[in-house]
Amino acid sequence: MPTARTNEHHEDPCHNDDMSEQPDLSAGELRVRPSRGPVDFAPLVAIWRSAVDATHEFLADADRDEVESHLESDYFRAVSLTVAELNGQPVGFAGVLDGNLEMLFIDAKQRGTGIGTSLLSHAINDHGVRYVDVNEQNRQAVEFYTRRCFQVVRRSETDDARRPYPLLHLQLT
């Protein structure tokens, strides 16, 4: 005797609309483009600082300043950088290396408008991103990535520079 099939709908949170949401940019047009190199670096450092000041309250000033001092000379040059512009002005950026999202920062005044999701989607679709490391204390970032189908696969007690900031290693599911 055949069994009845139910037509239950099980919502899969990793196939929701979070990655396809349209940015709420009533103030203008968003454009995602490759970095133009050093000419972009100063505005990106300012965006980084704005974002870190808004989200990394756990970071000691000396550690923040140390990281900032290496952005232009080392970190930006080591990744494939993508810049998000709103009306021609940089408002966020992402950096990718070998399938890892190494950095994603949005100007604090533009947080929550979909720019981060646009940059993440671009990084996944155009650069093959599958991994990201997030400071465990940055709960907003952890939530951002887990809502977009990344899951924690490992934890480290310290960051890559052995500072006392635990990292969560996430993988796209």
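In this predicted model, Gly128 is in contact with Gly99 and Ala123, once its neighbours within four places in sequence are left aside. Gly128 sits in the loop that joins α3 to β5. Both of these elements also give two or more residues to the largest nonpolar core, a set of 25 residues.

- Gly128 and Val96 stand 32 residues apart along the chain, and their C-alpha atoms are separated by 8.9 Å.

**Nonpolar cores**

- Within the largest nonpolar core, the residues with the most contacts are Leu101, Leu104, Leu120, Tyr145 and Phe150.
- Two or more residues of this core come from each of β2 (80-86), β3 (89-97), β4 (100-106), α3 (115-127), β5 (131-135), α4 (139-146) and β7 (167-172).
- Helix α3 provides the largest share of this core, with 5 residues.
- Apart from this core lies another one, of 19 residues, including Ile47, Leu71, Phe93 and Phe105.
- Tyr145 is in contact with Leu101, Leu104, Leu120, Val132, Val134, Phe150 and Leu170, leaving aside its neighbours within four places in sequence.

**Helix α4**

- The buried residues of α4 are Ala141, Val142, Phe144 and Tyr145.
- These residues lie on the same side of α4, because they cover an arc of only 160 degrees around the axis.
- The packing partners of the buried residues of α4 are β4, α3, β5, β6 and β7.

**Salt bridges**

- The count of salt bridges in the model comes to 15.
- One of them joins the side chains of Glu136 and Arg155, with an N to O distance of 2.8 Å.
- This pair links distant parts of the chain, 19 residues apart: Glu136 belongs to the loop between β5 and α4, and Arg155 to strand β6.
- Glu136 is partly exposed, with a relative accessible area of 23%; Arg155 is also partly exposed, at 39% relative accessibility.
- Another salt bridge is formed by the side chains of Glu143 and Arg147, at 2.8 Å from N to O.
- Glu143 counts as partly exposed at 46% relative accessibility, and Arg147 is partly exposed with a relative accessible area of 36%.
- A network of salt bridges links Arg49, Asp53, Asp61, Arg64, Asp65 and Glu68.

- Asp159 is located in the loop between β6 (150-156) and β7.
- The relative accessibility of Asp159 is 10%, so this residue counts as buried, the limit being under 20%.
- The side chains of Asp159 and Arg163 meet in a salt bridge, with 2.9 Å from N to O.
- Arg163 is buried, as is Asp159.
- The side chain of Asp159 also reaches the backbone nitrogen of Arg163, at 2.8 Å.
- Asp159 touches Tyr165 and Leu167 as well, when residues up to four places away in sequence are not counted.

**Loop residues with positive phi**

- Most residues other than glycine have a negative phi.
- Asn87, in the loop between β2 and β3, has a phi near 55 degrees, a positive value in a residue other than glycine.
- Asn87 counts as partly exposed, at 48% relative accessibility.
- Asp98, in the loop between β3 and β4, likewise has a positive phi, near 50 degrees.
- Asp98 is exposed because its relative accessible area, 71%, is over 50%.

Key. Residues are numbered from 1 along each chain as its sequence is written. This is a predicted model: local features need pLDDT of at least 70, side-chain atom pairs count only at pLDDT 80 or more; totals for chains, interfaces and linings use all residues. Side-chain values use heavy atoms; hydrogens and water are left out. A nonpolar core is a set of buried Ala, Val, Leu, Ile, Met, Phe, Trp, Tyr and Cys residues joined through side-chain atoms within 4.5 Å. Buried means under 20% relative accessible area, exposed over 50%, partly exposed in between (1.4 Å probe, protein chains only). Helices (H or I, at least four residues) and strands (E, at least two) are DSSP runs, numbered from the N terminus. Contact means heavy atoms within 4.5 Å. A polar contact is a pair of N or O atoms within 3.5 Å; within protein, one must be able to donate a hydrogen and the other to accept it, and residues adjacent in sequence count only if both atoms are side-chain atoms. The arc is that of the directions from the helix axis to the C-beta atoms. A salt bridge is a side-chain nitrogen of Lys or Arg within 4 Å of a carboxyl oxygen of Asp or Glu.
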